[in-house]
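Reader: Could you walk me through reading burial, helix faces and pockets in a model?

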Amino acid sequence: MKEYSGEGKSLSPWLIAARVVFTLALVGCIAFIFSNSMQVAEASSGASGRVLVLMQRVLRRLGMPGAANRLTMHIVRKLAHFCEYGLEGFLLMLCMRVYSRHPLRHISVPVLGGVLTALTDETIQLFSSGRSSQVTDVWLDFAGVLAGILAALVLLALCRLLFHHHNKE
């Protein structure tokens, strides 16, 4: 069975591949986020502690011992939230682009997807031993989603400029 686009034309194999890759990457990202929330408090703290030690070593190696000393577990955990959701927002927007020629018309879809993931994530933590749910984390996660969406939009705009310019030549 052959897949067709809305105009009755066959879909490019590259487009189909992009849809599969970006969709799987997005599902993997969300699974990673949820798996982190399912960890009991001790396991989560241990992972954050290892990241803290690594980041402090890197900062000291870069000649920033003051920044290394000021880096705390709280900062690492909040930065992890922001980065996870930044990646999700980025992938949500790239998925929107491979499924729609006009992703800005449907910008509410990745925004809503990010908020729903953040709310679900914090709800999962209510049922993880020793963990709690915080409204501030939902806001931080949402900020990460928006940053990821913005980064994807910038990347898409740059690609459009490069390829549009390339096609004129």
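Author: Gladly. Buried means under 20% relative accessible area, exposed over 50%, and partly exposed in between (1.4 Å probe, protein chains only). This is a predicted model, in which local features need pLDDT of at least 70 and side-chain atom pairs count only at pLDDT 80 or more, while totals for chains, interfaces and linings use all residues. Residues are numbered from 1 along each chain as its sequence is written, and side-chain values use heavy atoms, with hydrogens and water left out.

Reader: Is methionine 73 buried, partly exposed or exposed?

Author: Methionine 73 is partly exposed, because its relative accessible area is 29%. Methionine 73 belongs to helix α4; helices here are DSSP runs (H or I, at least four residues), numbered from the N terminus. Contact means heavy atoms within 4.5 Å. Not counting residues up to four places away in sequence, methionine 73 touches Ser45, Ser48, Gly49 and Leu52.

Reader: How do I find the faces of a helix, and which residues of α2 are buried?

Author: An α-helix has 3.6 residues a turn, so residues three or four places apart point the same way. In α2 the buried residues are Ser44, Ser48, Gly49, Leu52, Gln56 and Leu59. Viewed down the axis of α2, they fall within an arc of 135° (taken from the directions from the helix axis to the C-beta atoms), so they line one face of the helix. These buried residues pack against α3 (65-70) and α4 (73-99). On the face turned away from the buried side are the exposed residues Arg50, Leu54, Arg57 and Arg61.

Reader: What does glutamine 56 contact beyond its neighbours within four places in sequence?

Author: Glutamine 56 is in contact with Ala68 and Leu71. Glutamine 56 lies in α2 (residues 41-61) and is buried, because its relative accessible area is 16%. A polar atom of its side chain lies 3.1 Å from the backbone oxygen of alanine 68.

Reader: And pockets: which helix gives the most to the lining of the second largest pocket?

Author: Rolling a probe the size of a water molecule over the atoms shows where empty space is left. On a 1 Å grid over the protein atoms alone, a pocket is an open set of points where a 1.4 Å probe fits, with protein on both sides within 12 Å along at least five of seven lines; lining residues have an atom within 4 Å of a point. Here α4 gives the most to that lining, with eight residues. The second largest pocket is lined by 24 residues, and Ser44, Ser48, Arg77, His81 and Arg131 lie nearest its centre.

Conventions:
Helices (H or I, at least four residues) and strands (E, at least two) are DSSP runs, numbered from the N terminus. A polar contact is a pair of N or O atoms within 3.5 Å; within protein, one must be able to donate a hydrogen and the other to accept it, and residues adjacent in sequence count only if both atoms are side-chain atoms.
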